[in-house]
Amino acid sequence: MAVQLDARPPVAPAPRHSRPVRGARLSRFDTKYSPYLYIAPFFLLFGVFGAYPLAYTFWVSLHDWDLLGAEHPFIGLDNYSQLLADPDFWHSVVNTLGIFVISTVPQLLAALWLANLLNRQLRARTTWRMAVLVPNVTSTAAVAIVFAVLFGREFGMINWLLDHVGVSAIDWKANRFAAWVAISTMVDWRWTGYNALIFLAAMQAIPRDLYESASIDGAGRARQFWSITVPLLKPTIIFAVIISTIGGLQLFTEPRMFNSGTNAIRGGPLRESQTVTMYMFENAFAPHYNFGYGSAIAWLLFALIAVVAAINVLLLRRLGGGSRKEVSR
Amino acid sequence: MLTFTRRRLAAVALVAATALLGTTGCGGGDEPAGDGPVTLTVDVFGQFGYADLYQEYMASHPDVKIVERGTGSNLDEYSPKLTQWLAAGKGAGDVVAIEEGLLVEYKANPQNFVNLLDHGAADLKGNFLDWKWNQGLTADGKQLIGLGTDVGGMAMCYRKDLFAKAGLPTDREAVSKLWPTWQDYVKVGEQFTAKKTGAAFLDAATNTFNTILLQTAGNTSGYSYYDTSNNLVVGSNPAVRQAYDTTMDIIDSGLSGRYGSWSEEWVSAFKQSKFATIACPAWMTGVIEGNAGPAAKGKWDIAQIPGNGGNWGGSFLAVPKQSKHQAEAIELAKFLTSAKGQIGAFKLKGPLPSSPQALADPAIVDSKNAYFSEAPVGKIFAEGAKNLKPVYMGPKNQAVRTEVENAVRTVELGKRSPQQGWTDAVANAEKAAAK
């Protein structure tokens with residue numbers, strides 16, 4: 001039925017003169033509204049599971065909402081003003097951004113490089129391509145538990161290896177930067193392969209003749225990669241960056257499982273590796289059970305993600321724009 | 001071409017298998033639909049030792065089926081889950097275990113629970129230590145939220161083999177005489193540390209801090225972070241400061257192994273024999289056995305706690321209003337918290353009864369713990385239990401305790417000086433209490 005869009009006569013029929021037939025009216029209705037009907041299921045589901053919780057969270061954030069309390073007095077934007085002046089919140093924002101930067105930048109570069117390797121003629125190509133995805137399909141909790149043990153202060157393998165090369169043991173969980181690095185390793189282990197496959201798919205769409213003419217002009221592999229592959233991958237890179245931003249700023253399982261014991265949700269005694277989502281959880285659930293405050297954190301996190309994603313896209317646009325000119329030259 | 005597709009198939013299968021492995025990890029155990037016989041769900045954390053009691057109860061009540069959830073889980077994971085279930089009005093078990101620290105918070109919203117006084121619980125008052133009974137009551141005394149299960153009388157558990165290695169006595173009477181006070185305990189620790197056995201003297205300063213605090217508070221004011229009018233007194237209660245200063249002595253002398261309590265490393269440290277003593281509320285004996293494993297059987301023993309007495313922990317059983325089988329659940333809770341039920345639990349996993357009848361019962365008094373070198377646990381714990389001095393807990397006790405213990409931890413890890421740590425503790429506690 002959607003085909004009717006194409007089947008529309010080039011000249012619009014003059015409705016005044018011809019008597020409106022029932023079928024024609026129906027078909028006009030169909031043309032006009034059925035596309036909306038087709039996309040309606042998504043928006044209905046989004047409304048129920050996306051927009052409604054979003055709005056409700058905002059409503060909750062305007063109240064002094066004790067999770068178990070019977071009454072929830074309205075307090076306007078108090079939660080937000082309190083939150084903006086809360087040093088622990090900003091501490092968690094810095095943690096989140098720090099982990100995001102030191103995980104995403106090397107991760108996307110490594111993914112790009114991996115994709116480039118996978119794009120060459122290899123034996124057992126499909127096996128390699130599937131293999132890089134394996135870390136992504138293992139359970140995050142399992143990965144995090146294994147990594148938390150690897151990064152143990154006294155019984156961890158990493159410190160054992162460091163000891164062999166003469167580096168003294170690092171208290172990974174009680175050192176802010178070390179904790180960021182350890183968590184970033186987990187994130188990268190999980191997501192590099194996934195992004196590599198996305199880049200690979202985009203790479204395969206680049207016409208071969210571009211490379212052929214480049215090599216005739218004397219461009220080496222590296223030059224081809226930076227001057228042809230990367231610029232033409234720009235939309236895909238933007239996509240990967242946005243997805244990584246959303247995931248990276250909502251990071252929860254890895255840092256939560258990395259910390260164990262009492263109050264793991266704090267991410268260490270001085271909140272060394274507490275991300276925003278962990279801080280949200282700490283406030284909305286144990287030990288504070290302050291649902292209103294937690295909801296306010298959720299909304300500010302939403303705003304933060306939007307801002308960071310916008311900055312990323314702007315930066316990438318500028319970068320990509322420069323190299324595109326180079327190509328067309 | 002054939003080999004190619006087969007290889008591809010193998011690769012796909014590999015990924016699929018890994019994915020399957022990941023998802024099966026978190027299969028949910030939904031309770032079966034209860035037509036006919038009633039299924040009662042009991043939510044617990046740690047080890048309550050009810051398995052045998054369930055069998056007995058089901059045998060005498062053929063129409064009741066009991067399912068326990070959360071066995072062995074961490075209190076830190078359990079509490080928020082239970083709170084969410086209560087808030088959502090759905091999901092909680094028919095009988096739920098509540099730790100005393102959390103009970104204070106639930107008391108502020110008693111509408112979530114069945115008032116056990118409406119169901120004949122008033123007659124059971126004599127079955128519990130007075131203070132344990134009173135803890136289960138709301139502030140106005142009109143609603144009974146929970147029936148007491150256990151109390152946390154204290155002792156000091158120690159490794160005989162490590163003590164021998166350091167040239168210290170290993171006999172429990174002799175060890176008890178080594179440390180009448182916490183100052184003596186620090187001195188023994190210094191002797192132990194000087195011998196360089198490769199193990200620390202104690203597991204973590206935070207656990208010891210909480211032990212000293214509850215003991216000091218019990219022996220003096222009767223409250224710790226909050227006074228009995230619910231004013232926050234972290235900075236002004238001498239008991240808190242005293243416990244803090246004693247803990248600082250322990251840290252200064254380098255006695256702590258700095259294993260964050262309940263963390264993976266803490267559990268590993270048990271297995272690897274990395275510390276020699278641990279403050280030991282009655283319920284901790286089960287934890288030690290679980291963490292140190294069968295290999296360490298007979299290497300542990302139990303001595304008196306330095307200082308005098310003290311109570312840490314202990315729980316209650318409550319019936320949420322959302323339960324669809326309230327009458328049956330109340331019956332079960334009464335059975336499990338009866339003197340008989342408490343004796344049964346003690347035998348299986350060691351939680352110390354809160355019922356005076358059970359505490360006087362030969363089954364408890366004469367009991368020995370094989371894992372702890374046949375230590376007379378009944379004598380060690382039960383004798384003190386009747387004279388336990390409870391510590392009052394204020395509304396945000398848990399959140400405040402978290403802040404103070406974290407401050408202790410930062411000093412232990414060398415991130416803060418004792419003075420900075422104290423300033424942090426007071427400031428952060430005030431912030432947490434205001435949330």
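The model is predicted, so local features need pLDDT of at least 70 and side-chain atom pairs count only at pLDDT 80 or more, whereas totals for chains, interfaces and linings use all residues. Residues are numbered from 1 along each chain as its sequence is written, with chains lettered from A and ligands numbered from 1 in the order in which they are written.

Helices (H or I, at least four residues) and strands (E, at least two) are DSSP runs, numbered from the N terminus. Helix α7 of chain A spans residues 140-150, and Val143(A), Ala144(A), Phe147(A) and Ala148(A) are buried in this helix (20 or more other C-beta atoms within 10 Å of the residue's own, C-beta atoms being placed from the backbone). These residues lie on the same side of α7(A) because they cover an arc of only 130° around the axis, taken from the directions from the helix axis to the C-beta atoms. Their cover includes α9 (176-203) and α13 (253-258) of chain A, as well as α11 (264-271) of chain B.

The contact between the chains takes 35 residues from chain A and 37 residues from chain B (C-beta atoms, placed from the backbone, within 7 Å). On the chain A side, α5 (125-131), α6 (134-137) and α7 each supply at least two residues.

In chain B, five strands form an open sheet of mixed pairing in the order β2-β1-β3-β10-β4, where pairing requires at least two DSSP bridges between two strands. The edge strands are β2 (64-69) and β4 (146-148) of chain B. Strand β4(B) pairs with β10 (residues 315-318) of chain B in the antiparallel sense over three bridges, and Leu147(B) has Leu317(B) as its bridge partner.

Note on methods
A residue is buried if 20 or more other C-beta atoms lie within 10 Å of its own, exposed if 12 or fewer, and partly exposed in between; C-beta atoms are placed from the backbone. Two residues are in contact if their C-beta atoms, placed from the backbone, lie within 7 Å.
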